[in-house]
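Please keep the sequence and the model in view while going through the points below.

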Amino acid sequence: MKRIWLRFFYSFPVQLLMLHFRKYQVLLIFWAILFSTINGGFAKLFGGDALYLAPEYMGKVNFYSTTVMGVATAIFTMSWNITTFILHSRRFQFLATTTQPFFRYCLNNAVVPGLFLLNLLWRGWEYQRWQELNTVPQILLLAEGFICGFLMVIFFSFFYFFNADKNIGKRLSRKFGNPRNFLRTVLNPHQERDENALPVHNYFASPWRIRRARNVDHYNKHYLDNIFKQHHFAAIITVGLALVFLVIMAYLMDYNAFRIPAGASVLIFFAFLIAIAGAYAYVFQTWAIPILIFLILGLNWMVKNQWIDNRNKAYGLNYRDKQDRPQYSVQHLQEFFTEARADADKKHTLQILEKWKAKFPAGHKPPMIIINTSGGGSRSATWTMNVLQRYDSLLQGRLLRHTVLMTGASGGMLGATYFRELYLQHQQGLLKGRNLYDSIYTENISRDLLNSVFSSFAVNDFITPFRNFNIGKNHYAKDRGFAFEMQLNINTGNALNKTISAYREAEANAQIPLLVWCATLNADGRRLYISPQPVSYLCAADYRYPTRTVRDIDGVDFVQFFSRQHADELRVTSAIRMSATFPYILPNVFLPSTPIVDVMDAGIRDNFGQETSLRFLYTFREWINENTSGVIFMQIRDTRKNDVSPIKQKKDLSDLIFEPLFSMQSHWMSMQDFHQDHLINYMEGYFPGKFKRVIFQYVPQQAEKAAALSLHLTSREKLDIARALDNPGNQQTFNLLKKALE
């Protein structure tokens with residue numbers, strides 16, 4: 001029994017597995033991330049598992065999409081094998097005496113990749129069966145595509161290395177000449193044993209055959225090293241070819257056929273990182289860490305001094321003329337956003353309100369609707385579209401007709417912007433025979449946006465960050481921000497491919513509701529307001545009894561502040577992206593001010609968009625009380641209100657250490673809810689008996705299967721969001737809305 005155990009322990013697969021954990025553990029992190037992701041651990045909240053279990057290619061999950069996924073998985077697996085072969089093969093010198101050393105290495109190194117493949121296929125079966133609602137034949141076809149893609153790359157790789165083995169043999173024969181010289185060079189029984197070599201008793205020579213590892217003590221170490229060097233050279237050529245492939249992919253990203261599934265992009269990116277890490281460690285050996293520190297410091301210096309400038313820009317803005325940039329400072333903001341400017345903007349908006357009122361019968365005081373949408377990626381965008389389509393249809397168009405203002409954050413503003421554009425096209429007769437409430441529009445807004453973003457992140461942002469495109473005379477980087485906007489335009493049929501100034505006239509004539517996109521200025525937390533109308537009255541609190549000699553500016557009117565940079569030429573898709581800049585997923589947008597400032601997601605300051613609406617209502621409270629029958633304050637949110645997470649009864653050591661650091665982040669949305677409820681309570685006092693609040697909220701049918709906070713939705717998640725309209729709470733809320741409009 002002991003002998004069997006020793007043979008097992010000193011078998012090549014076991015020794016390799018132990019070596020991975022002893023050396024270069026950083027390479028195992030990639031596997032840990034992948035295992036955790038597909039099993040619903042890492043990035044579960046953002047739909048990370050869907051990237052691998054339901055990969056979309058050209059808008060569909062089919063045989064071709066899983067084939068691409070299989071190809072990417074094989075590329076990652078081979079990158080892992082090649083990298084670890086370069087790093088570890090010299091510790092197992094018996095490989096040099098075998099035919100096809102690399103094949104033998106991969107076969108015995110298959111423990112981790114094999115477990116991952118089995119896990120991925122099993123989780124894919126479960127996910128497709130219960131989340132994507134596919135039939136067994138459909139799932140088998142998807143699995144077949146994955147296996148075909150995986151095997152295609154594996155066979156091609158081994159074919160390459162088998163040929164490399166033949167070439168290595170020919171080169172060695174030419175080098176050593178006749179058999180006598182060969183034996184004299186190869187055999188050297190008096191040399192010392194290599195201290196780095198690890199003992200191996202047996203190994204898999206083929207999937208069904210085990211062989212005893214040959215003793216190589218009598219072989220010349222120089223000869224063995226020469227064989228490994230030849231194999232390492234062949235492996236490095238493979239890494240170089242992979243880099244060339246990624247560069248080619250970057251230049252073809254503009255074509256839909258080359259935007260591969262997001263999960264595949266991540267795997268290829270991981271493969272590239274593993275290859276770079278392995279090559280770096282192999283070349284620099286003990287100097288690896290000092291040189292890495294030097295490289296990081298050098299890179300930091302180049303970024304700080306703008307030798308490397310990969311900052312994302314708002315498309316349409318002029319970044320060329322640096323002399324005319326506005327000064328971003330407290331003093332300049334106070335000097336720019338004056339009370340006189342705010343009063344002029346109020347008069348302009350009052351004219352719009354008068355035109356809105358003129359749409360209704362003379363002498364009639366219509367109720368005013370204010371729509372607030374919450375952030376939440378594609379989940380919120382799809383929920384917002386479902387709500388607006390369903391209830392505007394049931395109210396025979398009265399919902400948008402009575403709406404004066406739409407605002408919010410992130411994904412909610414994506415849905416609201418798209419529906420308002422369709423509403424305008426409907427009025428102009430541009431929907432080409434389609435109904436405004438056609439389900440195709442909800443399908444459009446729920447289509448995948450994550451594949452393009454991650455593909456660009458893995459390819460453009462790191463491999464070819466120098467690529468750019470032009471709008472007029474302005475140059476912008478082709479990064480993941482560009483990929484997001486391009487895919488959004490594709491999904492929506494270019495409905496939003498216009499500038500924000502294109503809405504100025506329609507808003508001014510009250511044909512469509514006012515819409516204000518918001519973002520958060522990263523420098524100081526101020527709110528950025530984006531609207532084709534002048535809205536500087538939103539930028540400072542309008543104290544009823546001023547006790548300060550200066551205005552407290554807590555917001556910036558984007559179009560007025562950056563007027564010299566042609567702010568009204570900002571693309572609508574960029575306005576949406578600035579509002580929906582989820583950290584790391586999308587790049588922060590830098591603005592042409594002095595000093596340069598950047599913006600992040602609107603949800604950091606206000607994820608529900610209600611604070612902007614409340615300031616609007618307070619500003620025009622007198623006109624609203626005199627000219628309307630009241631305010632319907634409508635909130636569309638993709639989370640349940642007051643849905644507090646269960647409190648832990650017992651806390652472990654990690655809770656005691658990390659809870660104080662992350663307590664605010666974990667309760668961010670709840671704190672915003674409590675704060676805004678407080679403000680709304682005060683607002684009701686300005687409209688006594690004339691303020692009605694209605695809340696439409698996405699409540700999943702099963703709490704543990706709620707749609708992910710992501711830019712990708714599965715078929716089951718889309719269906720679950722649509723069915724939430726029939727929730728009894730939402731039905732009751734609609735009845736209240738309907739009654740308020742009577």
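This is a predicted model: local features need pLDDT of at least 70, side-chain atom pairs count only at pLDDT 80 or more; totals for chains, interfaces and linings use all residues.

A residue is called buried here when its relative accessible area is under 20%, exposed when it is over 50%, and partly exposed in between. By that cut-off R526, at 14% relative accessibility, counts as buried, whereas its salt-bridge partner D524, at 37%, counts as partly exposed.

**Salt bridges**

- With a side-chain nitrogen of Lys or Arg within 4 Å of a carboxyl oxygen of Asp or Glu taken as the criterion, the count of salt bridges comes to 18.
- The pair of D524 and R526 is one of these contacts, and the N to O distance between the two side chains is 2.5 Å.
- E507 and R420 also meet through their side chains, with an N to O distance of 2.5 Å, and this pair links distant parts of the chain, since E507 sits in helix 21 (residues 504-508) and R420 in helix 17 (residues 410-428), 87 residues apart.
- Both members of that pair, E507 and R420, are buried.
- E126 and R123 form a salt bridge in which the closest N and O atoms are 3.2 Å apart, and both residues belong to helix 7 (residues 111-130), where they are three residues apart, about one turn of the helix.
- Are E126 and R123 buried or partly exposed? E126 has a relative accessible area of 27% and is therefore partly exposed, while R123, at 15%, counts as buried because its value is under 20%.
- Salt bridges also join D343, K346 and D542 into a network.

**Nonpolar core**

- The largest nonpolar core has 172 residues, and within it F558, M578 and L591 touch the most other members.
- Helix 5 (residues 63-88) gives the most to this core, contributing eleven residues.
- At least three residues of the core come from each of domain 1 (1-304) and domain 2 (330-401 + 409-434 + 502-638 + 665-693 + 709-741).

**Nonpolar surface patch**

- On the surface, L121, I147, L151 and F155 form a nonpolar patch whose accessible area together is about 350 Å².
- Helix 8 (residues 136-176) gives the most to the patch, with three residues, and L151 has its place in that helix.
- L151 has a relative accessibility of 35% and so counts as partly exposed.

**Annotated transmembrane regions**

- An unreviewed UniProt entry lists "transmembrane region" for residues 21-43, 63-82, 102-122, 142-162, 233-252, 258-280 and 287-303.
- Residues 258-280 are 83% helix and 0% strand, with an end-to-end C-alpha separation of 29 Å.

**Helix 2 and the residue after it**

- Helix 2 (residues 12-22) has F12, P13, V14, Q15, L16, L19 and H20 as buried residues.
- Y24, which follows helix 2, has a positive phi, near 50°.

Methods:
Residues are numbered from 1 along each chain as its sequence is written. Side-chain values use heavy atoms; hydrogens and water are left out. Patches are made of residues with over 30% relative accessible area and no salt bridge: like charges are joined within 9 Å, nonpolar side chains (Val, Leu, Ile, Met, Phe, Trp, Tyr) within 5 Å. Accessible areas come from the Shrake-Rupley method with a 1.4 Å probe; for residues, only the protein chains shown count as cover. Helices (H or I, at least four residues) and strands (E, at least two) are DSSP runs, numbered from the N terminus. Buried means under 20% relative accessible area, exposed over 50%, partly exposed in between (1.4 Å probe, protein chains only). UniProt positions are given in the numbering used here, feature names are shortened, and annotations may be inferred rather than shown by experiment. A nonpolar core is a set of buried Ala, Val, Leu, Ile, Met, Phe, Trp, Tyr and Cys residues joined through side-chain atoms within 4.5 Å. Domain bounds come from an automatic or database domain assignment.
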